[in-house]
Amino acid sequence: MTEGGVIPCKEARWLAKKILIADDSDALRALLQATLRDPRYVIIQASGGVQALALREMHKPDLVILDETITGISGVDVCRAIKRSPHSATTPVILMSTKTQEDGQQLVSQAGADVHLTKPFSPLSLLGTVERLLASKED
């Protein structure tokens, strides 16, 4: 990992989309980074909520993936902060949790997230969701 939590793909271009991943599990962050390894993406990693908010401010990501239970400030509170800010209100947010789909939808509604992803999740499902959210942001 480089300074500021940014892990660029080897062929990252200035047009690459920035994705902020916030989870306190090193293993899950590594899995997410491996799943999203693509020259179209620059991955920024945070291990807690405070760091996620600081990196969001510094890097202005195009998409954020948050774990509900990250340390410090919860993923729900980080999501609320992102959605309340006029500078990031339109940034798509994926909120991950171990909750059922029904409970997860309620969580998404409370936090203002765009999508709930139940853990464990399919890497292909994650990739499809990321691509759909980034494409809808460009429209």
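Hi everyone, let's start with a pair of residues: Val64 stands opposite Val93 in S5. Strands and helices here are DSSP runs, numbered from the N terminus, with at least two residues (E) for a strand and at least four (H or I) for a helix. Now a word on the source: this is a predicted model, where local features need pLDDT of at least 70, side-chain atom pairs count only at pLDDT 80 or more, and totals for chains, interfaces and linings use all residues. Residues are numbered from 1 along each chain as its sequence is written, and side-chain values use heavy atoms, leaving out hydrogens and water.

Back to the strands. S4 and S5 run parallel, joined by 4 bridges; pairing takes at least two DSSP bridges. On to S6, residues 115-118: this strand is also parallel to S5, with 4 bridges, and there His116 is the bridge partner of Leu95.

How enclosed is S5? Largely, because 5 of its 5 residues are buried, meaning under 20% relative accessible area with a 1.4 Å probe, protein chains only. Val93, Leu95 and Ser97 point one way, Ile94 and Met96 the other.

Next, the largest nonpolar core, which has 19 residues. Such a core is a set of buried Ala, Val, Leu, Ile, Met, Phe, Trp, Tyr and Cys residues joined through side-chain atoms within 4.5 Å. Leu20, Leu66, Val78 and Val93 touch the most other members, and H3 gives the most residues, 4. A second, separate core has 18 residues, including Leu28 and Leu133.

Thanks, friends!

Key: Buried means under 20% relative accessible area, exposed over 50%, partly exposed in between (1.4 Å probe, protein chains only).
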